Amino acid sequence: MEFTIIPVFEAQLSECCDVLTKSFSDDSENPNASSAFSTDRLLWELTNGVYMFGAYLPDKTQIGFMALDVREHYVTLEKLCVLPNFRRNGIGSALVAHAKTESLKYSDTLRIGVTSDSTDLITWYEKFGFVTTENKHYEHLPFDVFYMEIKN
């Protein structure tokens, strides 16, 4: 499948929000995830240093998304998603590879938080070399978060 990964800017945020909502709405392990996405929230993140990227078909249809939040000692990979009808075509893997390359501009450590009950997702990230470094419980969440990272 032919697609490209390019930076996302303010004009594309509404489409990004749609991709996020559609991608996470079928997430049986985290059914409330889709309600966390809004154009205003993405704009706030974009204007506060979060780098965003979209996966696009040749006809400019967006089919995937990811964000990189640069921190002092690491970069966090956030909101990685692919529309359900386009999964299992290498798009998610390409987004992870792109995240690894982009994050090297800022840090040698790329991190991601995964819900502790998402065992398939944890295994998927392990294929790229991510290892679990921390298991954290947040009082406001009904699940623990596994923090995984990879050193580039």
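The following dialogue explains how several terms apply to this predicted model.

Guide: This is a predicted model, in which local features need pLDDT of at least 70 and side-chain atom pairs count only at pLDDT 80 or more, while totals for chains, interfaces and linings use all residues. Residues are numbered from 1 along each chain as its sequence is written, and side-chain values use heavy atoms, with hydrogens and water left out.

Visitor: How do you know how many disulfides the structure holds?

Guide: A disulfide is a pair of cysteine sulfur atoms within 2.5 Å. The sulfur of C16 lies 8.6 Å from the closest cysteine sulfur, that of C17, which is too far for a bond. For C81 the closest cysteine sulfur is in C16, at 8.7 Å, again too far for a bond. The structure holds 0 disulfides.

Visitor: What makes a set of residues a nonpolar core?

Guide: A nonpolar core is a set of buried Ala, Val, Leu, Ile, Met, Phe, Trp, Tyr and Cys residues joined through side-chain atoms within 4.5 Å. The largest one here has 40 residues, of which M52, F65, L77, L95, L110, Y125 and F130 touch the most other members. Elements that give two or more residues to this core include α1 (13–24), β2 (50–56), β3 (62–70) and α3 (91–103). α1 gives the most, with 6 residues. Such helices (H or I, at least four residues) and strands (E, at least two) are DSSP runs, numbered from the N terminus.

Visitor: Which residues are in contact with L95?

Guide: Contact means heavy atoms within 4.5 Å. Setting aside residues up to four places away in sequence, L95 touches I5, A55, G64, F65, M66, L80, C81 and V82.

Visitor: How do you know what span is expected of α3?

Guide: The expected span of a helix is 1.5 Å times one less than its number of residues. α3 has 13 residues and reaches 18 Å from its first C-alpha to its last, close to the 18 Å expected.

Visitor: Why are the buried residues of α3 said to be on the same side?

Guide: The buried residues of α3 are I91, G92, L95, V96, A99, E102 and S103. They are on the same side of α3 because they cover an arc of only 145° around the axis; the arc is that of the directions from the helix axis to the C-beta atoms. An α-helix has 3.6 residues a turn, so residues three or four places apart point the same way. The cover over the buried residues of α3 includes β1 (4–7), β2, β3, β4, β5 and α4.

Visitor: What makes the pair D69 and R71 a polar contact?

Guide: A polar contact is a pair of N or O atoms within 3.5 Å; within protein, one must be able to donate a hydrogen and the other to accept it, and residues adjacent in sequence count only if both atoms are side-chain atoms. The side chains of D69 and R71 are joined by such a contact of 3.0 Å. D69 is found in strand β3 and is buried, at 12% relative accessible area.

Visitor: Where is S107, and what lies by its side chain?

Guide: S107 is in the loop between α3 and β5. A polar atom of its side chain lies 3.2 Å from the backbone oxygen of H73. At 11% relative accessibility, S107 counts as buried.

Visitor: What is said of the phi of K79?

Guide: Most residues other than glycine have a negative phi, and most peptide bonds are trans. The phi of K79 is near 55°, a positive value in a residue other than glycine. R88, also not a glycine, has a positive phi of about 65°.

Visitor: Are K79 and R88 buried or exposed?

Guide: K79, found in strand β4, counts as buried because its relative accessibility is 18%. R88, in the loop between β4 and α3, counts as exposed because its relative accessibility is 86%.

Conventions: Buried means under 20% relative accessible area, exposed over 50%, partly exposed in between (1.4 Å probe, protein chains only).
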